[in-house]
Amino acid sequence: ASLEALILREGPDTVAAFVAEPVMGAGGVITPPATYFEKVQEVLRRHDVLMIADEVISGFNRTGNAWGCETYGIVPDMVTCAKQLSSGYLPIAAVMISAPIYEAFVQQSRKHGALGMGYTYGGHP
């Protein structure tokens, strides 16, 4: 089934995000077809579904650009990265968010107070 058919079958209001690696690491280093992410992003925008790029494998100049998103024309709402922040020596990761996502956090924090959270790496030696 196509991505759009799947979103419509599930109901666009129930699909929060689409998560993808710019270069797929599972099963080998698999690069996307030339227009893959362009077409995916068109569908996501049409249905107000967030695009999350997992740059754990393709970030930090591994595709010739700082981020695989740049190489493949991806304009993500969020980007994750991890291992290369410390060359794999420390358990560290990051999530970078777009301005609209940031503004949503700001607006909700004004209503409810500061956003508090825990981390899976918290408390590790």
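## Two helices side by side

Start with H1 and H2, which are roughly parallel to each other because their angle falls under 35 degrees, the cut-off for that label. (Helices here are DSSP runs of H or I, at least four residues, numbered from the N terminus.) Their axes, lines fitted to C-alpha atoms over the stretch in contact, come within 10 Å and cross at roughly 20°. To see what makes the contact (heavy atoms within 4.5 Å), select Leu3, Glu4 and Ile7 of H1 plus Val40, Val43, Leu44 and Arg46 of H2.

A word on the model: it is predicted, with local features needing pLDDT of at least 70 and side-chain atom pairs 80 or more, while totals for chains, interfaces and linings use all residues. Residues are numbered from 1 along each chain as its sequence is written, and side-chain values use heavy atoms, leaving out hydrogens and water.

Now zoom in on Arg46 and Glu4, whose side chains form a salt bridge at 2.9 Å, N to O; the term means a Lys or Arg side-chain nitrogen within 4 Å of an Asp or Glu carboxyl oxygen. Arg46 sits in H2 (residues 36-46) and Glu4 in H1 (residues 3-10), so the pair ties together parts 42 residues apart in sequence.

How many salt bridges does a search of the whole structure find? Two. For another, select Arg9 and Glu10, with their closest N and O atoms 3.9 Å apart.

Methods
Axes fitted to C-alpha atoms, helices over the stretch in contact; angles between N-to-C directions. Parallel < 35°, antiparallel > 145°, perpendicular 65-115°, else oblique.
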